[in-house]
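Work through the exercises below with the model open. Try each task before reading its solution.

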Amino acid sequence: MLRQIFVAAVFVLGTAQPLLADNAVDPNADFKAFREYFTKRFPKVPLNDFVNGPYSMDEGLRNQWKSIEEFPPYEFAVEHGKERFAKPFKNGKTLGDCFPNKGIGIRQNYPYFDTKSGEVITLELALNQCLEANGEKPLDYSSQDMAALTAYMAFTSRGKPFDIKIPNDPRALAAYRSGEQYFYTRRGQLNFSCASCHVQNPGGHIRTEVLAPALGILNAMPIYRSTWENMGTITRRFRTCNSQVRGVPLPGQDVLYRNVEYYLSYMGNGLPISGPSARP
Amino acid sequence: MTGGGRIARGAMALAMLLAGAALTPPGAQADGQKLAFDRAKGNCLTCHEIKGGPAPGNLGPPLADMKARFPDRKELIAIISDETKRNPLTVMPPFKRNLILNDKEIEVIVDFLQTL
Amino acid sequence: MRTRTLIRLSVILSVVGLTTAALAASADDFKAALAKAEAANKQAGALKNQWTTTKDELKAAQKAAASGNFDEAVKHANQAEALAKASIAQSKAEETAWTAAIVR
């Protein structure tokens with residue numbers, strides 16, 4: 001507990017952002033307000049438990065989850081991901097060659113803002129960039145293969161706190177702000193924003209489904225969903241949520257998806273990576 | 001058959017039609033419930049507990065005691081049409097503004113709601 | 001006498017003819033309605049907020065037109081345009097409305 005507070009404190013102080021002249025975007029202040037909102041609303045939920053989504057909100061569901069985790073349904077995906085990660089391309093290189101530390105134990109650093117290209121790089125995007133740079137076919141962002149790769153990488157980072165950085169660069173702050181805007185903007189014929197469900201109604205029931213809190217919501221990705229009977233990447237989840245509110249999904253890894261992932265991941269800083277995980 | 005006789009019968013038929021229209025047609029409540037429960041229409045069970053509806057959500061209050069809580073049907077019509085006017089942060093979809101339900105459908109649903 | 005009756009008859013018939021023609025939609029009516037709907041939906045796409053129901057109505061319009069039912073096709077195209085316009089209005093309103101929802 002103390003160690004976690006220390007880690008969080010070092011992180012928060014270490015990323016103190018300078019204020020812009022007008023309409024200051026202050027991720028640090030946003031981060032504090034976001035966290036406080038959830039811890040105040042759910043005082044009995046231990047901070048790290050928020051990453052468990054609906055299970056942190058509903059005792060009955062939690063018991064179901066315990067039995068599911070006896071034979072974790074995402075294990076096959078992790079194994080498949082590990083194999084695929086080590087499998088050489090036609091040119092002899094592997095996916096590990098594209099990443100720091102051969103891709104082991106680095107998931108908590110994604111997404112990051114690439115100052116060279118001026119855009120947010122997510123893990124899914126980085127994987128496809130690696131494939132394309134090595135003459136290999138990129139993966140569909142909602143595919144089982146992509147989920148297997150991110151499942152493996154998340155698995156190697158399990159327990160490590162999310163460590164998203166927003167560099168001292170107006171473009172990075174703009175991307176962060178764009179992600180924040182996407183998160184709170186109503187869309188689709190049903191007029192829901194992400195916040196409608198995950199900020200205003202965590203623990204609420206939509207028919208029989210229990211809504212996850214937005215705090216730590218990406219820490220658990222990718223997920224094995226029982227309703228899907230297979231794995232879901234972050235892209236898949238965003239796209240499904242869009243269609244559920246009757247909005248046409250954006251193409252995979254659209255800049256808005258990457259920006260909202262950047263925003264939400266930053267909000268989950270300090271909380272442990274728990275992915276890959278099971279969901280109802 | 002004289003012209004006058006035909007006219008008289010026509011007038012009677014018209015009168016009966018008008019009288020029939022003034023009464024609530026049989027099955028109106030069933031229509032309102034059908035619309036309310038239909039996922040492509042009211043989709044009300046997603047967020048509201050409603051008598052006779054399976055597996056309801058709970059993002060909104062249970063729809064019970066409606067005649068007492070909403071004696072003026074205009075209020076219900078307003079809420080269903082566009083609740084954001086009253087509460088900008090509501091999660092209730094604006095059924096009329098976003099063209100999910102038309103005026104007639106909203107009226108029929110309100111008829112049903114007032115029986116709850 | 002007969003000439004007047006004939007004239008009256010032809011006037012009535014032409015009025016009826018024009019009215020019936022105005023009631024039934026033509027392929028051209030459909031093309032015009034579809035163009036308007038698609039333009040609006042394209043604008044919604046630029047705002048990254050197209051609705052799935054707009055897409056469904058456009059599909060229904062095309063399907064009806066393909067079987068020659070232009071009345072139905074125009075109805076669906078008009079509905080698609082209305083939905084697309086509503087999605088644009090939503091985006092425009094949300095440009096400023098979203099900040100009210102931020103957790104503080």
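Two residues are in contact if their C-beta atoms, placed from the backbone, lie within 7 Å. This is a predicted model: local features need pLDDT of at least 70, side-chain atom pairs count only at pLDDT 80 or more, and totals for chains, interfaces and linings use all residues. Residues are numbered from 1 along each chain as its sequence is written, while chains are lettered from A and ligands numbered from 1 in the order in which they are written.

**Exercise 1. The contact of chains A and C**

Task: State how many residues chain A and chain C each give to their contact, and describe the side of chain A that touches chain C.

Solution: 
- Start with the count. Chain A gives 20 residues and chain C gives 14 residues.
- Next, find the helices. Helices (H or I, at least four residues) and strands (E, at least two) are DSSP runs, numbered from the N terminus. Helix H2 (27–41) and helix H7 (170–184) of chain A each supply at least two residues of this side. H2(A) has the largest share, 3 residues.
- Then sort by class. Ala, Val, Leu, Ile, Met, Phe, Trp, Tyr, Cys and Pro count as nonpolar, Asp, Glu, Lys and Arg as charged, and the others, Gly among them, as polar. The side of chain A that touches chain C has 9 nonpolar, 8 polar and 3 charged residues.

**Exercise 2. Helix H4 of chain A**

Task: Compare the span of H4(A) with the expected one, then locate the buried residues of H4(A).

Solution: 
- Take the span. The expected value is 1.5 Å times one less than the number of residues. H4(A) (residues 75–86) has 12 residues and reaches 17 Å from first C-alpha to last, close to the expected 16 Å.
- Take burial. A residue is buried if 20 or more other C-beta atoms lie within 10 Å of its own, exposed if 12 or fewer, and partly exposed in between; C-beta atoms are placed from the backbone. In H4(A), Ala77(A), Val78(A), Gly81(A) and Phe85(A) are buried.
- Look at the partners. The buried residues of H4(A) pack against helix H6 (144–155), strand E5 (223–225) and strand E6 (230–232) of chain A.

**Exercise 3. Backbone exceptions**

Task: Which residues do cis peptide bonds join in chain A, and is Gln253(A) buried or exposed?

Solution: 
- Recall the background. Most residues other than glycine have a negative phi, and most peptide bonds are trans.
- Check omega. Met221(A) and Pro222(A) are joined by a cis peptide bond, with omega about -5 degrees. Pro222(A) lies in the loop between strand E4 (209–210) and E5 of chain A. Another cis bond joins Gly275(A) and Pro276(A), with omega about -10 degrees.
- Check phi. Gln253(A) is not a glycine, yet its phi is positive, about 60 degrees. Gln253(A) counts as buried because it has 20 C-beta neighbours inside 10 Å.
- Turn to chain C. Lys48(C) also has a positive phi of about 60 degrees. Lys48(C) has 17 such neighbours inside 10 Å, so it counts as partly exposed.
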